[in-house]
Amino acid sequence: MANKDDKFKKVIAHAKEYGYIFSSSEIYDGLSAVYDYGQNGVELKKNIREYWWKSMVFMHQNIVGLDAAIFMHPTTWKASGHVDAFNDPLIDNKDSKKRYRADVLIEDYAEKLLQKANKEIAKAAKRFGEAFNEEEFKSTNPRVLKYLGQREEILSRMGRSLENEDLADVKALIEELGIADPETGSKNWTDVRQFNLMFGTKLGASADTATDLYLRPETAQGIFVNFLNVQKTGRMKIPFGIAQTGKAFRNEIVARQFIFRMREFEQMEMQFFVKPGDEMKWYEYWKDTRLKWHLSLGLGEENYRFHDHDKLAHYANAAADIEFNFPFGFKELEGIHSRTDFDLKAHEEHSGKKLQFFDPEMKENYVPYVVETSVGLDRMFLAVFSTALQEEKLEDGTSRVVLRLPAVVAPVKAAILPLVKKDGLPEVANKIVEDLKWNYNVAYDEKDAIGRRYRRQDAAGTPLCITVDHDTLNDNTVTVRDRDTMEQTRVPISELKKILSDKIDMENWLK
Ligand code: ATP
């Protein structure tokens, strides 16, 4: 645990030191769970957004984009269920006065049981070597069966209680399991209460005519209320999707995990409208497609896992999370939900307008079913950034800090470095910058010895360094140094564009 905490602290410190993430209004001591993206952070975030956008909108002929406003008519949130049901069950510790999400306390307990089971499995795998049959071991070993069975029982009891709004039983479960305040060890808990996560605000100038509004807690509803606008004007035929990225706001109770859980964050959502009855086929399709997208970034297959929901939201008939191995363990990165016709039907009822599709083959109208993919842009950022940050021992005994960001999303693609600040080398380097900047975000750096400049770019996450030296003046070649392998190759200046394109262009990653 100490190790994990340590790693997480390093991630946060590095994100600040290299201009990726700052606390919001830091000079006033910050604002809890709100963050600003610095000069490098804004680029990384924009690149991840674009990587998602292109994979959704450009790669699918039947998916189009949308940019709906953050403010929406207040009835939207009545229809969507957010006014009545967008609650988190919270519990306070009477001794520490700390507030927790009751469901998260229980999920963390269940996660420990899973870890215990995995430990047994790993031990046995080591003991039996080649002959080990994991499936058989899992289904017969009494200890593993006990841990997994307990976990299953706990999660399904919690799911049932939350669904039935039986908060007394959620508290009883916490007490029966002996769950203590993770920070102080105290087991002196209050009752569990529901807490609505939406931020309210007002529209209009005078107190008596002002309308109560909410800051949207998800981008999805902007898509649902525009379903017919897009379908009709875009002449879309089912199945089709609408994709949107944008800010969402939630008054999170427990917000102590850096950009993992923020009060203002950004979502990348796609709602896919399908024929009723086809939803499970598309649900499986999108689970598979989204996992492939994540894997294309090369952060390691072992860092992802699916988690099928025991506790379904009020709108869903199937739901799974793609969980990622963050510095503090596996947690939700993306949700894939089969939302049925809940949202469109609810908006029909509340607005009195039809939100239906006329199927030319079936010759009938129906309210489409929806399969949603919803990923947090900030969580993607954290997944990419925390996995990329590595400390490496080198052959000569020294070590280096390297930020192995996937080149396709790295903020600066190449740094152009004149070996010395004279003899006409800066002029040549600047000419290379001028030539590349139309297609790639490149940087020029002439300060300090070349070795230190390489280290600086490694730590900032720049995939390539291009060094101009005295030989360049004679033969128009430069040295290209690779961040990850530290290999240096001599290449003609005329080949630089091709080298960058091979390494960086989205086509080569998404394919
Ligand atoms: P959690 O259980 O972690 O609170 P959720 O299930 O409420 O998440 P969804 O409503 O499914 O999340 O939202 C979709 C995605 O939006 C999540 O997978 C996550 O990546 C992102 N997200 C949700 N809440 C936050 C937040 N407070 N800060 C950053 N990202 C968030």
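Ile 416 has Ile 466 as its bridge partner in strand 21. Strand 19 (residues 414-418) and strand 21 (residues 464-468) run parallel and are joined by five bridges; two strands pair if DSSP finds at least two bridges between them. Strands (E, at least two residues) and helices (H or I, at least four) are DSSP runs, numbered from the N terminus. This is a predicted model, in which local features need pLDDT of at least 70 and side-chain atom pairs count only at pLDDT 80 or more, while totals for chains, interfaces and linings use all residues. Residues are numbered from 1 along each chain as its sequence is written, and side-chain values use heavy atoms, with hydrogens and water left out.

**The ligand and its shell**

- The ligand is surrounded by 17 residues, of which Glu 252, Arg 261, Met 262, Glu 332 and Leu 333 are the closest; a residue is near a molecule if one of its heavy atoms lies within 4 Å of it.
- The shell residues divide into five nonpolar, five polar and seven charged, where Ala, Val, Leu, Ile, Met, Phe, Trp, Tyr, Cys and Pro count as nonpolar, Asp, Glu, Lys and Arg as charged, and the others, Gly among them, as polar.
- Strand 13 gives the most to the shell, with five residues.
- A nitrogen atom of the ligand is 3.4 Å from a polar backbone atom of Phe 260; a polar contact is a pair of N or O atoms within 3.5 Å.
- An oxygen atom of the ligand is 3.3 Å from an N or O atom in the side chain of Gln 267.
- At Gly 376, a polar backbone atom is 2.9 Å from an oxygen atom of the ligand.
- On its own the ligand has 590 Å² of accessible area, and the protein covers 87% of it; accessible areas come from the Shrake-Rupley method with a 1.4 Å probe.
- Strand 10 (264-274), strand 13 (329-340) and strand 16 (369-376) are the elements that give two or more residues to this shell.

**Backbone features in loops**

- Ile 238 and Pro 239 are joined by a cis peptide bond, with omega about 5°.
- Pro 239 lies in the loop between helix 10 (227-233) and strand 9 (240-249).
- Phe 258, a residue other than glycine, has a positive phi near 60°.
- The loop between strand 9 and strand 10 holds Phe 258.

- Three strands form an open sheet in the order 5-4-6, with antiparallel pairing.
- Its edge strands, strand 5 (99-101) and strand 6 (193-196), each pair on one side only.
- The twist in this sheet averages 45° from one strand to the next.
- Three bridges pair strand 4 (residues 87-92) with strand 5 in the antiparallel sense.
- Ile 91 has Tyr 100 as its bridge partner in strand 5.

Terms used: A polar contact is a pair of N or O atoms within 3.5 Å; within protein, one must be able to donate a hydrogen and the other to accept it, and residues adjacent in sequence count only if both atoms are side-chain atoms. Axes are lines fitted to C-alpha atoms, for helices over the stretch in contact, and angles run from 0 to 180 degrees between N-to-C directions.
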